[in-house]
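Please find below a colleague's note on the model you asked about. It is set out as numbered points, each kept to one topic.

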Amino acid sequence: MARSGAGDAVRVFVASVDDHDAERLRHLEQAVLLPDERRRAREMLHAPGRRAYILAHALQRLVLRELLGYAPVFAAGPNGKPELACRSLHTNLSHSAKHVALAVSPDAAVGVDIESLPPKVDMHQVMSAALTPHERERVRAESNPPLSFLIHWTAKEAYVKATAEGLSRSFSSLSLATSDLSLHLEGPDVVRHVLHCSAFPDHVVAVCALGDSRAGCCIEHALCDIHGLTTRMFLS
């Protein structure tokens with residue numbers, strides 16, 4: 001796996017399900033996933049979700065094994081959010097039907113969300129529940145409303161995953177804003193955070209790190225193999 005050389009930057013590893021055929025995923029499931037993860041995968045009846053689950057957990061184990069030098073062990077953190085038992089790194093995992101993402105931060109709680117383009121949900125229905133009236137107007141006025149919608153949605157998802165608030169936080173209580181050319185969320189009791197959103201031709205990924213750190217975000221698109229990872233890096 002290539003080293004980013006980015007110091008304390010948040011690293012986000014992204015993998016596409018379509019880049020991993022059935023044979024590769026089967027090998028990853030058998031050689032990389034833990035027995036409990038393999039059991040959960042077998043119980044999933046929705047094939048696209050099962051493939052994404054296998055790839056997401058294989059990516060997580062391969063990346064963390066490389067960074068830590070040993071197999072990762074997880075424990076339940078605040079509100080049940082999984083965290084490394086050693087607490088030497090902060091991580092978060094996300095997957096859609098077509099893409100998976102793992103965020104790794106050396107010193108800040110982190111959340112990540114990835115969604116495929118075009119959106120796989122009823123955009124207008126989700127907008128009415130998750131976006132403020134001003135945000136809905138903004139999205140409709142954009143030249144690419146689906147892309148704008150996913151930027152708003154993934155930003156909020158990443159934030160509530162970083163804070164471990166999850167579904168207890170209403171998305172309509174958060175509003176995406178810009179200042180000094182950077183994105184951030186505003187709303188009641190919003191904690192200090194740094195937000196990065198990146199759009200690619202077939203997916204959008206957002207990562208949120210809590211605190212005041214101005215470290216950058218390195219996005220590394222990965223191909224998973226039982227022997228390790230091959231990555232290509234983008235900076236945002």
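The points below go from the overall fold to helix packing and then to backbone details.

1. Basis of the values. This is a predicted model, in which local features need pLDDT of at least 70 and side-chain atom pairs count only at pLDDT 80 or more, while totals for chains, interfaces and linings use all residues. Residues are numbered from 1 along each chain as its sequence is written, and side-chain values use heavy atoms, with hydrogens and water left out.

2. Overall dimensions. The secondary structure comes to 6 helices and 12 strands, where helices (H or I, at least four residues) and strands (E, at least two) are DSSP runs numbered from the N terminus. The C-alpha trace spans about 50 × 35 × 35 Å along its principal axes. For 236 residues a compact globule would have a radius of gyration near 18 Å, and the 17 Å of the protein agrees with this; the radius is taken over C-alpha atoms, and the globule rule is 2.2 Å times the number of residues to the power 0.38.

3. Helix α3. With 22 residues, α3 reaches 31 Å from its first C-alpha to its last, close to the 32 Å expected at 1.5 Å a residue, the expected span being 1.5 Å times one less than the number of residues. After α3 comes Gly69, whose phi is positive, near 90°.

4. Helix α1 against α3. The axes of α1 (residues 22-31) and α3 come within 9 Å and cross at roughly 55°, where axes are lines fitted to C-alpha atoms, for helices over the stretch in contact, and angles run from 0 to 180 degrees between N-to-C directions. That makes α1 oblique to α3, given that angles under 35 degrees count as roughly parallel, over 145 as roughly antiparallel, 65 to 115 as roughly perpendicular and the rest as oblique. Leu25, Leu28 and Glu29 in α1 are in contact with Arg51, Ile54, Leu55, Ala58 and Leu62 in α3, contact meaning heavy atoms within 4.5 Å. These residues divide into 6 nonpolar, no polar and 2 charged (Ala, Val, Leu, Ile, Met, Phe, Trp, Tyr, Cys and Pro count as nonpolar, Asp, Glu, Lys and Arg as charged, and the others, Gly among them, as polar).

5. Helix α2 against α3. For α2 (residues 35-43) and α3 (residues 47-68), the axes come within 9 Å and cross at roughly 165°, which means that α2 is roughly antiparallel to α3. On the α2 side, Glu37, Arg40 and Ala41 meet Arg50, Tyr53, Ile54, His57 and Arg61 of α3. By class, this contact has 3 nonpolar, 1 polar and 4 charged residues.

6. Helix α4 against α5. Helices α4 (residues 123-130) and α5 (residues 133-141) pack at an angle of about 150°, their axes 9 Å apart, and are therefore roughly antiparallel to each other. Here Met127, Ser128 and Ala130 in α4 meet Glu135, Arg136, Val139 and Arg140 in α5, a contact with 3 nonpolar, 1 polar and 3 charged residues.

7. Backbone details to check. Most residues other than glycine have a negative phi, and most peptide bonds are trans. Arg87, in the loop between β3 (82-84) and β4 (90-95), has a positive phi, near 60°. The peptide bond from Leu117 to Pro118 is cis, with omega near -5°, and Pro118 is found in the loop between β6 (110-116) and α4.
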